[in-house]
Amino acid sequence: MGTRLSVRWTAVALLATLTGGAAPALTFAQDADNPYTSRLDVRTGRRLFGAQCSTCHGLNAAGGNESTGPDLTTGRFRHADSDAGLFRVIRDGVRSTSMLGLGADADEQSVWQLVTYLRSLDVTAGGTPTGSAEAGQQLFTGKGNCAGCHMVNGRGQRLGPDLSFVGDRRALADLETDLADPDAELLPRWWTMRATGPNGQVVEGLRMDEDTFTFRIMDAEEKLRAFSKYGDWTYERIQRSTMPGYADTLTADERNDLVAYLFSLRSEP
Ligand code: HEC
Ligand code: HEC
């Protein structure tokens, strides 16, 4: 929090410098680029939407009807053609309709997270895949050995997230990053824990849970191991993904095929 605040003040100071030291023009949030666009922001936005918007727009934002609340998943909006425009609609509402908006006092971060969530619903916004989904499926279970860690429709392993519906939640560019740079947006859920015993033996795996006294690791065989933090084992949290990056070990074509396959994995194809 403190960091974000100071960054914002730096930006204001910089602006003052750029405008020749004149009284800094006020920068309004709705004129800026959306600063909250991570996967976590999508999630928070979805939660906010469920609590505050779904009564009119439906749980998945697909809408009731024009009078209760229109479909917001098409990527096209009558009242906005940019993120900043959506910000204004969500904060200020649409005049003379039941779309009241959150009001002038609304928390800026929450409004942006709602924008991010709505943007995430338009799955074609980032383009459509160029690779072959069939070839990608072969790679997934074959050469790429992705199924060695990931489950798709009940088949595979649990050492990574279930990818059965990954196309619902990841845009094309995100999937490309997932493959090339797995550490890019790593949630603590996927940190690695390494425990070293008194004789130098090492147990490493996913950090399943951790409290003041204990932690549990799931090793590569999906076996759970529990440890005390006050025994004679030492431990270390490794905030890197167990998933290898594939930028070097798969060709660009192979990665495109995998992305096409992942993109096709949806709850509603
Ligand atoms: C009481 C019902 C109601 C609630 C609650 C509501 N909306 Fe709306 N919303 C509407 C209606 C009705 C419209 C269509 C307004 C019009 O153009 O006639 C609308 C329009 C919109 C639009 C513009 C759509 C477009 O095509 O430009 C957006 C974006 C939107 N709502 C987002 C939200 C978000 C986000 C929330 C929660 C913070 C929310 N709405 C809560 C009823 C509601
Ligand atoms: C050694 C285990 C392992 C292997 C092998 C592996 N992954 Fe992963 N993968 C993970 C873990 C753990 C995560 C979650 C942490 C992260 O985002 O890096 C993940 C995340 C992902 C995500 C993001 C999922 C989401 O919900 O956002 C995608 C997509 C993905 N992997 C695809 C692949 C593909 C395709 C392959 C094969 C080329 C592969 N993985 C191989 C462990 C693995």
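**Exercise 1. Get an overview of the chain.**

Residues 24 or more positions apart account for 57% of the contacts with a separation of 6 or more in the protein chain. Contact means heavy atoms within 4.5 Å. This is a predicted model, where local features need pLDDT of at least 70, side-chain atom pairs count only at pLDDT 80 or more, and totals for chains, interfaces and linings use all residues. Residues are numbered from 1 along each chain as its sequence is written, chains are lettered from A and ligands numbered from 1 in the order in which they are written, and side-chain values use heavy atoms, with hydrogens and water left out.

Task: How many helices and strands are there in the protein chain?

Solution. 
- Step 1. The protein chain has 9 helices and 7 strands. Both are DSSP runs numbered from the N terminus: helices are H or I with at least four residues, strands are E with at least two.
- Step 2. Now take burial. Of the 269 residues in the protein chain, 34% are buried. Buried means under 20% relative accessible area, exposed over 50%, partly exposed in between (1.4 Å probe, protein chains only).

**Exercise 2. Work out the iron site.**

Task: Which residues are the protein donors of the iron atom of ligand 1?

Solution. 
- Step 1. Find the donors, which are N, O and S atoms within 2.8 Å of the metal (3.2 Å for Na, K and Ca); water is not among the atoms, so sites may look incomplete. His57 gives NE2 and Met99 gives SD, lying 2.1 Å from the iron atom of ligand 1.
- Step 2. His57 is in helix 3 (residues 54-57), and Met99 is in the loop between helix 4 (83-92) and helix 5 (108-121), so the pair ties together parts 42 residues apart in sequence.
- Step 3. Check the angles. They run from 87 to 178° among the 6 donor atoms, and the site is octahedral. Six donors count as octahedral if opposite donors are over 155 degrees apart and all others between 65 and 115.
- Step 4. Compare burial. His57 is buried, at 9% relative accessible area. Met99 is partly exposed, at 27%.

**Exercise 3. Describe the shell around ligand 1.**

Task: How many residues surround ligand 1, and which are the closest?

Solution. 
- Step 1. Count 22 residues, with Cys53, Cys56, His57, His79 and Met99 the closest. A residue is near a molecule if one of its heavy atoms lies within 4 Å of it.
- Step 2. Look for polar contacts (pairs of N or O atoms within 3.5 Å). A polar side-chain atom of His79 is 2.5 Å from an oxygen atom of ligand 1. A polar backbone atom of Arg78 lies 2.8 Å from an oxygen atom of ligand 1.
- Step 3. Find the elements. Helix 3 and helix 4 each give two or more residues to this shell. Helix 4 has the largest share, with 3 residues.

**Exercise 4. Turn to ligand 2.**

Task: Which residues come nearest to ligand 2?

Solution. 
- Step 1. Of 24 residues around ligand 2, the nearest are Arg39, Cys146, Cys149, His150 and Met243.
- Step 2. List polar contacts. A polar side-chain atom of Ser241 is 2.7 Å from an oxygen atom of ligand 2. For His150, a polar side-chain atom lies 2.8 Å from a nitrogen atom of ligand 2.
- Step 3. Find the elements. Helix 8 (172-180) and helix 9 (252-263) each give two or more residues to this shell. The largest share, 3 residues, comes from helix 8.

Terms used:
Four donors count as tetrahedral if all angles lie between 85 and 135 degrees; four count as square planar and six as octahedral if opposite donors are over 155 degrees apart and all others between 65 and 115; anything else is irregular. A polar contact is a pair of N or O atoms within 3.5 Å; within protein, one must be able to donate a hydrogen and the other to accept it, and residues adjacent in sequence count only if both atoms are side-chain atoms.
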